[in-house]
Amino acid sequence: MCSSRVVSKWEKALAKLEDQSEERTAEPVGTPDPVDAASVNIFSAEFAACPQPTYANLREKCPVSRSAIGGGPILAKHEDVVWALRQPEIFSSKMDMQLAMGTERPMIPQQIDPPEQTRYRRILDPRFSRKRMLEIEDDVRKSARDLMDQFASDGSCDFGEAFAIPLPCTAFLHLMGLPQEDLGLFLHLKDSIIRPQEQEQEGMAVQQIRADAGRGIYEYFERAIDARAGQSKDDMLGFLMTAEIEGERLTREEILDISFLLLLAGLDTVTATLGCNITYLAENPEARRRLVENEGLIPGAIEELLRWETPVMVVPRVLTQDVTVSGVDLREGELVSLLLGSSNIDPSAFDDPELVDFERDRNIHVAFGAGPHRCLGSHLARMELRVAMEEWHRRIPDYEIQPGETPRFSPGIREARYLPLVWSV
Ligand code: HEM
């Protein structure tokens with residue numbers, strides 16, 4: 001059985017947090033006290049670096065807390081989070097105004113609620129099936145090998161820049177049937193939306209950078225659709241251009257709003273997961289050796305690391321009515337954060353949750369969400385992750401984080417923004 005007891009980093013951090021929370025907590029342990037956790041900033045880089053101890057602390061001491069930024073409620077218990085995800089009429093995803101991502105309309109299907117959302121999922125789900133995603137596996141594998149050709153003999157790389165950032169983008173281009181030469185353009189557009197503050201454009205406001213990039217994305221897909229007129233192609237864009245709902249073709253705006261979302265939802269999530277996985281395996285050489293010796297463990301390792309690391313830490317919802325959760329009253333209109341990462345290590349849902357076990361039975365993690373908005377691209381993600389993990393470990397089985405360096409993670413989606421690796425050549 002592959003199991004590695006959780007690193008002492010977690011235990012130390014938990015002890016530290018417990019000391020701090022004793023000083024902070026006004027109410028006895030176990031009493032829901034929204035004020036108690038106000039100093040926990042779940043959107044900070046420190047939290048993203050090692051969130052598991054804080055998850056445990058929130059769940060045990062303050063299962064419904066309030067965000068240090070904006071004051072919105074944060075749900076930490078598995079039961080509450082899954083319940084909320086399954087009540088879209090109370091916990092709505094209609095947040096295109098609150099969470100503007102350079103879009104002119106809501107992204108489909110993420111920013112709309114059932115029953116309208118269900119109509120789209122009905123046609124999209126079969127197209128994103130496991131079987132259909134295997135059709136592009138060879139292309140993704142070739143892209144992974146081509147990328148590794150560029151740095152494997154160097155003995156070092158920044159994992160994100162060299163591999164984890166470009167690979168999901170090449171997969172997206174294969175999926176959509178778009179030219180691989182557009183890789184650089186796509187990475188730039190998506191970064192301008194997700195991290196506008198990191199784009200070097202002096203004097204330009206963040207919202208302006210986002211809006212310009214958003215327009216760039218719409219225009220790119222407009223041109224791609226025009227170039228396809230009259231052709232039928234068996235790729236995702238070709239599918240969207242001919243797909244019908246109740247006998248009606250999707251409109252051009254619907255095609256754009258789905259394509260926009262696929263670009264935003266499918267790149268950083270896979271990049272982040274790869275970074276979390278490789279960081280874990282670099283820090284746990286025994287677990288890594290077991291994977292290298294037995295590739296068959298990789299799918300189980302991917303699921304277990306999705307659970308333990310939960311790269312998409314949190315998903316937002318807006319309340320359509322007042323509601324009481326774990327004894328705490330929440331108000332209509334509040335922006336709620338649902339902590340997927342905390343749910344995934346909740347002892348009420350998982351045996352021995354702090355044990356990282358690549359052969360865990362019934363791993364019903366919520367790293368892909370739950371309920372009607374559960375990740376549309378989970379089969380694509382799993383294929384990309386499997387191919388990447390296989391190719392990486394075949395070529396570079398023994399690696400470590402550059403001595404003296406510490407990986408840095410972004411909050412929200414836990415992407416390793418700095419992950420310098422070294423290996424022998
Ligand atoms: C390991 C990688 C990934 C993770 C961890 C992940 C995680 C998630 C999560 C947590 C949600 C639920 C959001 C919510 O409830 O508000 C979601 C939704 C979604 N994901 Fe993923 N995702 C991944 C990869 C992908 C990929 C590769 C694609 C496609 C290109 C994709 C497309 C989508 C879409 C379209 C939705 C919205 C579904 C809806 O609202 O009906 N994801 N994902």
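These legends describe close-up views of a predicted model.

View 1. Strands pair through backbone hydrogen bonds, either parallel or antiparallel. This open sheet has three strands in the order β5-β16-β13, and the pairing is antiparallel. β5 (156–158) and β13 (399–401) stand at the edges. Each has a single partner strand, so one side of each is left without a neighbour in the sheet. From one strand to the next, the twist averages 25 degrees.

**View 2. The pairing of β5 with β16.** Strand β16 covers residues 420–423. β5 and β16 pair in the antiparallel sense, over three bridges. Look for Ser156: its bridge partner in β16 is Val422.

**View 3. The largest nonpolar core.** In soluble globular proteins, nonpolar side chains tend to be buried together. The largest nonpolar core here has 105 residues. Leu75, Val81, Leu338, Leu339 and Leu340 have the most contacts inside this core. Now take Leu338, and leave aside its neighbours within four places in sequence. Leu338 is then in contact with Leu75, Val81, Ala84, Leu85, Val314, Val315 and Arg317.

**View 4. Helix α14, mostly covered.** Helix α14 runs over residues 268–283. Of its 16 residues, 14 are buried. At 1.5 Å a residue, α14 should span 22 Å. Its end C-alpha atoms are 22 Å apart, which agrees.

**View 5. Helix α16 and its surroundings.** Helix α16 covers residues 298–309. From its first C-alpha to its last, α16 reaches 16 Å, close to the 16 Å expected at 1.5 Å a residue. α16 is mostly covered, with nine of its 12 residues buried. Among the buried residues are Ile298, Ala301, Ile302, Leu305 and Trp308. What do the buried residues of α16 pack against? They pack against α14, α15 (285–293), β12 (355–357) and α18. Thr310 follows α16, and its phi is positive, near 40 degrees.

**View 6. Where α16 crosses α18.** Two packed helices are described by the angle between their axes and the distance between the axes. α16 packs with helix α18 (residues 378–395) at an angle of about 120 degrees. The axes of α16 and α18 are 10 Å apart. The crossing is right-handed. On the α16 side, Ile298, Pro299 and Ile302 make the contact. On the α18 side, the contact is made by Arg382, Leu385, Arg386, Met389 and Glu390.

Notes
Residues are numbered from 1 along each chain as its sequence is written. This is a predicted model: local features need pLDDT of at least 70, side-chain atom pairs count only at pLDDT 80 or more; totals for chains, interfaces and linings use all residues. Two strands pair if DSSP finds at least two bridges between them. Helices (H or I, at least four residues) and strands (E, at least two) are DSSP runs, numbered from the N terminus. Axes are lines fitted to C-alpha atoms, for helices over the stretch in contact, and angles run from 0 to 180 degrees between N-to-C directions. A nonpolar core is a set of buried Ala, Val, Leu, Ile, Met, Phe, Trp, Tyr and Cys residues joined through C-beta atoms within 7 Å. A residue is buried if 20 or more other C-beta atoms lie within 10 Å of its own, exposed if 12 or fewer, and partly exposed in between; C-beta atoms are placed from the backbone. Two residues are in contact if their C-beta atoms, placed from the backbone, lie within 7 Å. The expected span of a helix is 1.5 Å times one less than its number of residues. A crossing is left-handed if the near helix is turned anticlockwise from the far one by less than a right angle, and right-handed if clockwise.
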